[in-house]
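Here is a short briefing on one protein chain.

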Amino acid sequence: MTDIKSLTISELEFEMKSLALPSFRAKQIYKWLHVQGVMSFDGMLNLPKKLRESLKENYFIPSCDIEEKYVSALDGTVKYLFRLYDGEYIETVVMKYSYGYTICVSSQVGCKMGCTFCASTLAGFKRNLLPSELEGQIHCAQNDLGVRISHIVLMGIGEPLDNYGNVIKFLHTVNDKNGLNISMRDITVSTCGIVPRIYDLINEKIPVTLTLSLHAPDDKLRSAMMPVNEKWGVKEVVKACRAYAENTSRRVSFEYTLIKGVNDTPECAKKLAALLKGFISHVNLIPVNDVAERGNVKPSENAVKNFQFALKKLGINATIRRTLGSDINASCGQLRRIKNNNSQNGGDTSENSC
């Protein structure tokens, strides 16, 4: 069966034509799928029953169901554990800012990248998410919360550029004026540094914000933290980011997770400043999250501020990421890992949901 929600409007019109149906039916169906976010053909109330039955026989809408939901008592951040149509799990976070709601979307079930500070890779990689499953996270959250989400960051579970084709199709779909109509400028794509795909993204000519998970200023340290660096080193990936900034006129952000005694030294700050000198960029400093299996230690608040000050003194724009949802472990990967472990042990975490 065909995943109908992953079809573009032109592809859907072709499908309707093959079923000897008028093109306006495609527009009706597309609106139900991409504006209303229905998860069932039965919810398409302005379609004849016969047509709905025909759609059920030929197509499917990948489900995205709330398995668990956590709401931060500190700042209202909402974290979801979603169950997909094949029983796999992903995580999604919705954050409220002064300008509206931002959603942090997962792009894969698990991750192949193996970064030493991240929980997403611990439960293993299963598969890529379909364009419909990327968008389904937004619809499920919007319908649950009763809000409009205006900004997207692809920083959840998985490496977006490792699921390149599906991610690009998703970006065009959510940008479609007949769908969610979210501006490309309000979308951020994060990558650990798959260099060829960064150049592919340049050629797409879409003004999304690029964020590189850098986390170290030299090859020795970054390779120890991030296996991807063995293939594309620090200078090579920063060169690609420079090209992205020059070709898109968009500022590139660099994520830098600070780990006590590992990459938070004054020498690391000097190397980082030298690496990023000369183009419009921004460094987002992130004190490492506590992940029991990793053993990384979060630096003190003063150590984080000192690192920020050192970068600013050397001419690099740097901010410390505001921590949201700290009381619900809002960083991605942890809920999926716990759920999978409990399922294997015959346990259940559903009593923890809100």
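Helix 8 buries Val234, Val237, Val238, Ala240, Cys241, Ala243, Tyr244, Ala245 and Thr248. This is a predicted model.

- Helix 8 has 15 residues and reaches 21 Å from its first C-alpha to its last, close to the 21 Å expected.

**Nonpolar cores**

- The largest nonpolar core holds 79 residues. Ile152, Leu171, Phe254, Val283 and Leu311 touch the most other members.
- Helix 8 (residues 234-248) gives this core its largest share, eight residues.
- A second, separate core has 17 residues, among them Ile4, Met16, Trp32 and Leu47.
- Not counting residues up to four places away in sequence, leucine 311 touches Ala269, Leu272, Ala273, Val283, Leu285, Ile316 and Ala318.

**Helix 2**

- Helix 2 (residues 23-36) has 14 residues, which at 1.5 Å a residue should span 20 Å. Its end C-alpha atoms are 19 Å apart, which agrees.
- Its buried residues are Arg25, Ala26, Gln28, Ile29, Tyr30, Trp32, Leu33 and His34.
- The cover over these buried residues includes helix 1 (9-18), helix 3 (49-58), helix 4 (131-145) and helix 5 (164-175).
- Glycine 37 follows helix 2 and has a positive phi, near 70°.

**Aspartate 3**

- Aspartate 3 lies in strand 1 (residues 2-3).
- Aspartate 3 is buried yet has no salt bridge. The nearest side chain of opposite charge is lysine 169, 7.9 Å away.
- Its side chain makes polar contacts with the side chains of serine 6 at 2.4 Å and serine 132 at 2.7 Å.
- Leaving aside neighbours within four places in sequence, aspartate 3 is in contact with Phe60, Pro62, Leu130 and Ser132.

**Serine 300**

- Serine 300 sits in the loop between strand 13 (281-287) and helix 10 (301-313).
- Serine 300 has a relative accessible area of 43%, so it counts as partly exposed.
- A polar atom of its side chain lies 3.1 Å from the backbone nitrogen of alanine 303.

**Salt bridges**

- The count comes to 15 salt bridges.
- Glutamate 11 and lysine 169 form one, with the closest N and O atoms 3.0 Å apart. Glutamate 11 is in helix 1 and lysine 169 in helix 5, so the pair ties together parts 158 residues apart in sequence. Both are partly exposed, at 32% for glutamate 11 and 25% for lysine 169.
- Arginine 83 and aspartate 65 meet in a salt bridge of 3.8 Å, N to O. The pair links strand 4 (residues 78-84) with strand 3 (residues 64-71).
- Aspartate 86 and arginine 127 meet at 2.6 Å, N to O. Aspartate 86 lies in the loop between strand 4 and strand 5 (89-97) and arginine 127 in strand 8 (residues 127-128), so this pair ties together parts 41 residues apart in sequence. Aspartate 86 is partly exposed at 37%, whereas arginine 127 is buried at 16%.

Note on methods
Residues are numbered from 1 along each chain as its sequence is written. This is a predicted model: local features need pLDDT of at least 70, side-chain atom pairs count only at pLDDT 80 or more; totals for chains, interfaces and linings use all residues. Side-chain values use heavy atoms; hydrogens and water are left out. A nonpolar core is a set of buried Ala, Val, Leu, Ile, Met, Phe, Trp, Tyr and Cys residues joined through side-chain atoms within 4.5 Å. Buried means under 20% relative accessible area, exposed over 50%, partly exposed in between (1.4 Å probe, protein chains only). Helices (H or I, at least four residues) and strands (E, at least two) are DSSP runs, numbered from the N terminus. Contact means heavy atoms within 4.5 Å. Lys and Arg count as positive and Asp and Glu as negative; His and the chain ends are not counted. A salt bridge is a side-chain nitrogen of Lys or Arg within 4 Å of a carboxyl oxygen of Asp or Glu. A polar contact is a pair of N or O atoms within 3.5 Å; within protein, one must be able to donate a hydrogen and the other to accept it, and residues adjacent in sequence count only if both atoms are side-chain atoms. The expected span of a helix is 1.5 Å times one less than its number of residues.
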